[in-house]
Amino acid sequence: MLQNIRDNSQGWIAKTIIGIIVVLMAFTGIEAIFQATTNSQDAAKVNGEEISQNELSQAVDMQRRQLMQQLGKDFDASLLDEKMLRESALKGLIDRKLLLQGAENSKFAFSETALDQVILQTPEFQVDGKFSPERFDQVIRQLGYSRMQFRQMLAQEMLIGQLRAGLAGSGFVTDAQVLAFARLEKQTRDFASLNVKAEPAAVKLTDDEVKAYYDEHAKEFMTPDQVVIDYVELKKASFFDQVSVKDEDLQAAYQKEIANLSEQRRAAHILIEVNDKVTEAQAKAKIEEIQARLAKGEKFEALAKEFSQDPGSASNGGDLGYAGPGVYDPAFETALYALAKDQVSAPIRTDFGFHLIKLLGVEAPEVPTFASLKDKLTRELKTQQVEQRFVEATKQLEDSSFEASDLAQPAQDLKLTVHTSKPFGREGGEGVAANRAVITAAFSPEVLDEGANSTAIELDPETVIVLRAKEHLKPAQLPLESVAASIRVQLTKEHASAAAKTKAEELIVSLREGKTPLDKAIDGQSWKVTQAATRGQEGVDPTVLQALFRMPKPVAKDKPTFSNVTLADGSLVIVRLDGVNEAAAPTEEEKAQYRRFLASRIGQQDFAAYRKLLESQAEIKRF
């Protein structure tokens, strides 16, 4: 069925069954219920709309994860300023709330079908080119979302995207702006460069300098904020051995299973839509004209390719493939099941327009034996009982944990084991500590400061835990001896770079005053000359290029302009600008490219200005 949806996602049939996907996507796991009550305190209000502490905690955690991914092994959580991280995350949430309000006030909207099409057509949610509910759940769970939360987030992104496109797409530029930009963009420059190396080996540091740096930057040398948690884990799988299935229940399930089997019918159709441009009378006249041509012997497949307005099937001669009851529009289905093989219906009116329907084939259902279905039915019936027991046990765990001052009693009530984690910080740790919801709960004020048990946390659809803080390892000052080596490396690099900069500046003064000839090698090193360098010149450090094109034009051929650039390793490059070369007028194709680029950039600036306007006019309260 999902394959049919995928195959016909642009056609009318997708519109009739997409509602099924809407319902499926709307179902959430129990984590949505539990997380909703985690923290009712507000972090901010934007024009009266709340931003919860839970939203802020999730945003902070997302920023921390992004930093971890960007920096990889170089990530050091102890260097993060938690206050700055929270302020940045809160600003992002406020900006987002303002944009959503702006989109709503500007009447931007989209249909649920459009949202479902985005989900269905997202490659990350597909397996072998087909939408997979299992893959969808797996991906969004890794992102920390339930189905409901993901749909809400995606819907918000689509609204903001519409608003951004509406503003950014309205940017325009004049011909004069295009020509001015082209002149600068195509300009080339003649220059020479000379490296002044930093010499760390020549730097001599004293212990007092290291100590002074340590004292001045004491906040940078702290252990991370960590917590050790106790937790109990409730697993759905543990209930399977506790339930059994009666033979009469199996027989009833088998009869229900085979009763649901029905024949599959392969339909083809020709659709003439009724819409804003085509009246019902016009569509009916057109379908009757096609019906008359069929009566004269023309092929149904050829007429479907020529006239059908269902893009999902027209190219296949109107073929919709096999489907059972409940898939098509009721009027369409009634007509289809009244046909004999190869028979064509009279014109049928549905919400989409008028159809001619042809029955291409019928497949009778294959009735499986009881033996072949017994294992499957047993699993399904057991699963139903297990689901019920799991929900009841989760509720019991939730209630017992709320009333208890520790986890010993809830563990005893449900015959669970209290586990203890290794210390972990706000960036997470191993095992359950890698789960975002666990990290958020462990560092929440209720658990960390008030010593309460957490609410039930769903790790996955099969596992729920409750946790409490066993030990809070607050940030502490690292001893000087443990960080002295890294301080020495940092100070040595800074001193070596400063010495190289002083030398470079002295050389530039000497070059400007003519005391050092422009063509003379310096310290045995010759100038590296580059002619007609472009803004994207290969083989030149981007930092050097950026500085080069910011330098003022030389006043005379023998009076070059000088600058210096510090590289990542602390060395410097002296840049000598010898000349500026103006480019030929741009071609029409280049003008068009520049115009698109500039219009896009201006549109982005307009969008940024709109965000500023929303902020200036908003009533924002931070708590």
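Reader: Which residue of strand 15 does S193 stand opposite?

Author: In this predicted model, S193 stands opposite K528 in strand 15. Strand 5, residues 188–196, pairs with strand 15 in the antiparallel sense over four bridges.

Reader: In what order do the strands of that open sheet lie?

Author: The order is 15-5-17-16, four strands with antiparallel pairing. Strand 15 (528–533) and strand 16 (561–566) are the edge strands, each pairing on one side only, and the twist from one strand to the next averages 25 degrees. In a regular strand the side chains alternate between the two faces of the sheet. Helix 19, residues 480–512, lies across strand 5, strand 16 and strand 17 (572–581), and runs at about 175 degrees to strand 16.

Reader: Which strands pair with strand 14?

Author: Strand 6 (residues 226–235) pairs with strand 14 (residues 463–473) in the antiparallel sense over ten bridges, and V466 of strand 14 is the bridge partner of V232. Strand 13, residues 457–460, also runs antiparallel to strand 14, joined to it by three bridges, with E458 opposite V464; a hairpin of two residues connects strand 13 to strand 14.

Conventions
Residues numbered from 1 in each chain as written. Predicted model: local features only at pLDDT ≥ 70, side-chain atom pairs only at ≥ 80, totals over all residues. Heavy atoms only, no water. Pairing = 2+ DSSP bridges. Axes fitted to C-alpha atoms, helices over the stretch in contact; angles between N-to-C directions. Contact = heavy atoms within 4.5 Å.
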